[in-house]
Amino acid sequence: MEYYKKLEKKFQEKVNQFINKLPKLDNNWILVAVSEAGRNIANIISQKYNIKVQRFFIEPVRCEYNPDCEIAIIDEFGNIEVNKLLQMSFEINDETIKRNADLIFNYKIKPMIEKERGNLEKQFIISDEVQNILIIDDNIETGFKLENIIHTFKNLFPQKKIYLGVMNVPDYIFSILILLFVKTQISEATSIDFFAISPADNFV
C-alpha cells in the first residue's frame, strides 16, 4: 500500500510540474483527453482551473504478427490513417488493415463511446463558446497518433486554436516534436503550440 501511495504522490508531483508549463486556462478553454491516462491528467488540470474535460477516442491498429507494430490508427469518426512506411516494410495490404481497423472500431471504440456518452448517437462536439482546445496525453512515442488528431481537429474546428500538452516525452523524440509542433514564424499556419515536460525536467 505504501508503494502505491508513493507512486500516486510522484504522479501528482509530475502533473503539477506539467501544469506549470501550461498557460493560464479559463472558460475559453477545453481539455480533450485522447487516452485514459491522458484523462487522469486532464481531470487534475480541470480541478485546478474548473474547466471541462472531454474524451476523444482513438486507438492503434497493430500488425497481426507483431503487437509492437502500430500500422495505423482509427478514431471515433471511423477515420483510418495508415503508416505507409510500416505498411511497405511489413508488406501488409490495405484490406488487412481495414479489416483489423473495423474490428477495433466495432468492439473497442464503440463500447467506450456508449459507456462514456450513454449512446452511440452522441458525437464528439465542442461548443461554439470554446476558443481554445488543449489536447492532453500522458506520453508520446512517434507522434503519429497526435499528428493525426491535430489534423482531424483542424478540419473539424477551423476557427479554434489547438494546443498540444503531453506530460512525458522521450529524449529521442523531444527535439523532433519541437520542430513539428512549436509555432514558428515560418510554419505558423501548419503547426501548433506544444507544452511538455522537457527531457531535462523529467525524473523517474
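Biologist: What makes you say that helix H5 lies across S3, S4 and S5, and at what angle does H5 run to S4?
Modeller: Helix H5 (residues 144-156) lies across S3, S4 and S5 and runs at about 5° to S4. Axes are lines fitted to C-alpha atoms, for helices over the stretch in contact, and angles run from 0 to 180 degrees between N-to-C directions. Contact means heavy atoms within 4.5 Å. Helix H4 (residues 94-117) also lies across S3, S4 and S5, at about 145° to S3.

Biologist: How do you know what is a helix and what is a strand?
Modeller: Both are DSSP runs, numbered from the N terminus: H or I of at least four residues for helices, E of at least two for strands. The protein chain comes to 6 helices and 8 strands. This is a predicted model, where local features need pLDDT of at least 70, side-chain atom pairs count only at pLDDT 80 or more, and totals for chains, interfaces and linings use all residues. Residues are numbered from 1 along each chain as its sequence is written, and side-chain values use heavy atoms, with hydrogens and water left out.

Biologist: Why are S3 and S5 called edge strands?
Modeller: Two strands pair if DSSP finds at least two bridges between them. The open sheet of 3 strands has the order S3-S4-S5, with antiparallel pairing. Strand S3 (58-63) and strand S5 (80-82) each pair on one side only. The twist averages 40° from one strand to the next.

Biologist: What makes S4 and S5 a pair?
Modeller: Strand S4 (residues 66-75) and S5 are joined by 3 bridges and run antiparallel. The cut-off is at least two bridges, so they pair. Ala-72 stands opposite Val-82 in S5.

Biologist: And how are S6 and S7 joined?
Modeller: Strand S6 (residues 132-139) has 7 bridges to S7, and the two run parallel. Leu-134 has Tyr-163 in S7 as its bridge partner.

Biologist: Why is the pair of Trp-29 and Tyr-163 called tilted?
Modeller: Rings of Phe, Tyr and Trp (its six-membered ring) pair if their centres lie within 6.5 Å; planes under 30 degrees apart are stacked, over 60 edge-to-face, the rest tilted. By this rule there are 7 aromatic pairs. Trp-29 and Tyr-163 are 4.7 Å apart centre to centre, with 40° between the planes, so the pair is tilted. Trp-29 is in strand S1 (residues 29-33) and Tyr-163 in strand S7 (residues 161-168), 134 residues apart.

Biologist: What does the pair of Phe-56 and Phe-77 tie together?
Modeller: Phe-56 lies in the loop between strand S2 (53-55) and S3, and Phe-77 in the loop between S4 and S5, so the pair ties together parts 21 residues apart in sequence. The pair is tilted: 5.8 Å centre to centre, 45° between the planes. Phe-56, at 1% relative accessibility, counts as buried. Phe-77, at 29%, counts as partly exposed. Ring pairs link Phe-56, Phe-77, Phe-124, Phe-153 and Phe-157 into a cluster.

How values were computed: Buried < 20%, exposed > 50% of the residue type's maximum accessible area, 1.4 Å probe, protein only.
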